[in-house]
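Please read the points below with the sequence and the structure open.

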Amino acid sequence: PDGRYMFFVACDRTIGMGGCDIYYSVRNGDTWSTAINPGPPLNSKYWESTPSISPAGDEILFSSNRPGGKGMKDIWTCKVNINEDGSLKFATPTNLDSINTDRDELSPFIHADNRRLYFSSNGHYGLGGYDVCVSRRKTARYPWGRPRNLGYPLNTSKDEIGFVVNGNGDKAFFSSDGIENRGRGREVYEVDLPEKLRPKRVKFIQGKIYDAD
């Protein structure tokens with residue numbers, strides 16, 4: 001969120017641990033560091049992908065098929081700390097038991113309000129394929145609540161994935177192969193969110209702290 005770190009996924013690299021791993025790079029001025037694979041416990045010999053970073057940068061959510069979950073692909077959460085040298089330290093990931101099913105959950109996205117988690121699932125009751133769901137928590141330390149399907153016309157009988165929402169909470173972007181169904185695979189769409197589906201609007205304040213007073 002502060003523009004200092006970039007997270008991405010790469011697969012089948014020589015420095016990789018599994019099929020796909022989560023990497024990060026650190027920004028120094030106008031340049032980015034060589035890709036860093038943090039290794040375990042964040043990555044494993046299994047599949048880790050679709051990372052999302054919390055607004056405070058202290059938590060990362062991702063999807064993985066590692067053992068210990070409820071289904072085939074589950075969403076996991078992992079606490080993040082910044083070391084003195086700027087590298088990142090990741091705690092042991094925890095399964096989000098309250099939102100995972102015995103099938104697939106992927107593409108988590110934490111909104112800037114830190115209260116709403118959007119993700120795609122083919123295990124929760126829906127319209128078919130992967131549907132976008134949302135889970136809400138009361139505070140940043142409160143567990144995630146029961147997921148709710150965003151419904152039609154946003155979700156279709158096919159796949160909707162990669163759902164992200166802007167800071168104002170009024171627009172979302174996602175990928176779908178069921179909205180127009182033109183036989184071209186998944187395409188990216190923009191949507192104006194109805195009031196009932198909008199997270200709280202987030203404002204950013206920038207300034208300088210001079211001393212303890």
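1. Y23 is buried, at 1% relative accessibility; buried means under 20% relative accessible area, exposed over 50%, and partly exposed in between (1.4 Å probe, protein chains only). This is a predicted model, in which local features need pLDDT of at least 70 and side-chain atom pairs count only at pLDDT 80 or more, while totals for chains, interfaces and linings use all residues. Residues are numbered from 1 along each chain as its sequence is written, and side-chain values use heavy atoms, with hydrogens and water left out.

2. The structure holds seven aromatic pairs. Rings of Phe, Tyr and Trp (its six-membered ring) pair if their centres lie within 6.5 Å; planes under 30 degrees apart count as stacked, over 60 as edge-to-face and the rest as tilted. One of the pairs is F7 with Y24: the ring centres are 6.0 Å apart and the planes stand at 40 degrees, so this pair is tilted. F7 belongs to strand β1 (residues 5–11) and Y24 to strand β2 (residues 20–28), so the pair ties together parts 17 residues apart in sequence. Helices (H or I, at least four residues) and strands (E, at least two) are DSSP runs, numbered from the N terminus. Y24 is buried, with 2% relative accessibility.

3. How are the rings of F8 and Y23 arranged? Their centres are 5.6 Å apart and their planes are at 10 degrees, so the pair is stacked. This pair also links distant parts of the chain, with F8 in strand β1 and Y23 in strand β2, 15 residues apart. F8 is partly exposed at 23% relative accessibility, whereas Y23 is buried.

4. One aromatic cluster is formed by Y5, F7, Y24 and F90.

5. A search of the whole structure finds one disulfide, defined as a pair of cysteine sulfur atoms within 2.5 Å. The disulfide joins C11 to C20, with an S to S distance of 2.0 Å. The torsion about this S-S bond is about 95 degrees, so the disulfide is right-handed. C11 is partly exposed, with a relative accessible area of 38%, while C20 is buried at 10%.

6. C78 is buried, at 0% relative accessibility. C133 is buried as well, with a relative accessible area of 2%.

7. Three strands form an open sheet in the order β13-β14-β15, with antiparallel pairing. The edge strands are β13 and β15 (187–192), each of which pairs on one side only. From one strand to the next, the twist averages 20 degrees; axes are lines fitted to C-alpha atoms, for helices over the stretch in contact, and angles run from 0 to 180 degrees between N-to-C directions. Two strands pair if DSSP finds at least two bridges between them. Between β13 and strand β14 (residues 171–176) there are four bridges. In β14, F173 is the bridge partner of V164.

8. T156 sits in the loop between β12 (148–149) and β13 (160–165). T156 is buried, with a relative accessible area of 9%. Contact means heavy atoms within 4.5 Å; not counting residues up to four places away in sequence, T156 touches L127, G128, D131, S176, G178 and I179.
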